[in-house]
Amino acid sequence: MLPNVRISSTTPDTTGKTNLTQEFSFDDEVFLIGNDVNASFNVSYVDYTLYYELFDNGLFSFDFGLTARDFNGAVTVTGDTTGIYDEYCYGSEPVVCITTTDSVTPSGKIKTDEIVPMLYVATNISLPLRRLSVFAQGDFLLINDHSLYDYQVGLSYGLVDNRMGNFNLTLGYRVVKIEFEDLDNLYTDLEFKGAFVGVIAHF
């Protein structure tokens, strides 16, 4: 009756740059039209999944459960460095003026530390070739506040399989969608996707 436990960690990281065509506000910092703005997204997350193997006959398996995705990190936006000039004059004849300069770099940073619930599903289908199988796995958001999904498909090859556990070499393709709608005042619309190679340990 006790569920299986699965814990995984992911660290998506990306940067971007644009020239503003309209005024932009981020973390109470105002970025003006014409400024070059750099954005850095560095929000990692840990998945804590409880799931049941609803079906497993050695050739086909299907898992179903719930994931608590724990987000932690920050998004930082940095603008152009601009100079501020001040002139101080004193005396009467002759007047002496001193000019001072200073530089200011507008920057805003929004941190997030939030846990969102997700639906977890996974399946594995053994192929006729020994130790080779096809797998698919995904986490999908249970609430409508944000648009989040994370799924992967690929091939798995069994390296070790004994009483202590098994180790599989995997090759696949993964897609992660992160669209926040006011998550700790943070709004994003990002998608990460690409091929991967990994090793999975199952005890």
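Gln152 touches Phe135, Ala136, Gln137, Tyr173, Arg174 and Phe196, leaving aside residues up to four places away in sequence. The model is predicted. Gln152 is found in strand S11, and S11 also gives the largest share of the lining of the largest pocket, eight residues. By the rule used here, the count of salt bridges comes to seven.

**Gln152**
- With a relative accessible area of 13%, Gln152 is buried, because buried means under 20%.

**Largest pocket**
- The volume of the largest pocket is about 1400 Å³.
- Its lining consists of 50 residues, and Asn124, Asn166, Asn168, Ile200 and His202 lie nearest the centre of the pocket.
- Among the strands that each supply at least two residues of this lining are S1 (4–10), S5 (36–56), S6 (60–78) and S9 (107–126).
- S10 (132–141), S11 (147–162), S12 (165–179) and S13 (190–202) also each supply at least two residues of the lining of the largest pocket.
- Sorted by class, the lining of the largest pocket has 21 nonpolar, 19 polar and 10 charged residues.

**Second largest pocket**
- The second largest pocket holds about 380 Å³ of space.
- It is lined by 19 residues, of which Ala39, Val75, Val77, Tyr187 and Leu190 are the closest to its centre.
- Strands S2 (13–19), S3 (24–26), S5 and S6 each supply at least two residues of the lining of the second largest pocket.
- S2 gives the most to the lining of the second largest pocket, with five residues.
- The lining of the second largest pocket has 11 nonpolar, six polar and two charged residues.

**Salt bridges**
- A network of salt bridges links Asp47, Arg69, Asp139, Asp150 and Arg174.
- Within this topic, the side chains of Asp47 and Arg69 meet in a salt bridge at 2.7 Å, N to O.
- That pair links distant parts of the chain, with Asp47 in strand S5 and Arg69 in strand S6, 22 residues apart.
- The side chains of Arg69 and Asp139 also meet in a salt bridge, at 3.8 Å, N to O.
- This second pair too links distant parts of the chain: Arg69 is in strand S6 and Asp139 in strand S10, 70 residues apart.
- Asp47 counts as buried at 2% relative accessibility, Arg69 counts as buried at 2%, and Asp139 is buried with a relative accessible area of 2%.
- Lys177 forms a salt bridge with Glu179, and their closest N and O atoms are 3.8 Å apart.
- Lys177 is buried, with a relative accessible area of 14%, whereas Glu179 is partly exposed, with a relative accessible area of 21%.

Conventions
Residues are numbered from 1 along each chain as its sequence is written. This is a predicted model: local features need pLDDT of at least 70, side-chain atom pairs count only at pLDDT 80 or more; totals for chains, interfaces and linings use all residues. Side-chain values use heavy atoms; hydrogens and water are left out. On a 1 Å grid over the protein atoms alone, a cavity is a set of points where a 1.4 Å probe fits but cannot get out, and a pocket is an open set with protein on both sides within 12 Å along at least five of seven lines; lining residues have an atom within 4 Å of a point. Grid points are joined across faces, edges and corners, and a volume is the space filled by probe spheres set on the points. Helices (H or I, at least four residues) and strands (E, at least two) are DSSP runs, numbered from the N terminus. Ala, Val, Leu, Ile, Met, Phe, Trp, Tyr, Cys and Pro count as nonpolar, Asp, Glu, Lys and Arg as charged, and the others, Gly among them, as polar. Buried means under 20% relative accessible area, exposed over 50%, partly exposed in between (1.4 Å probe, protein chains only). Contact means heavy atoms within 4.5 Å. A salt bridge is a side-chain nitrogen of Lys or Arg within 4 Å of a carboxyl oxygen of Asp or Glu.
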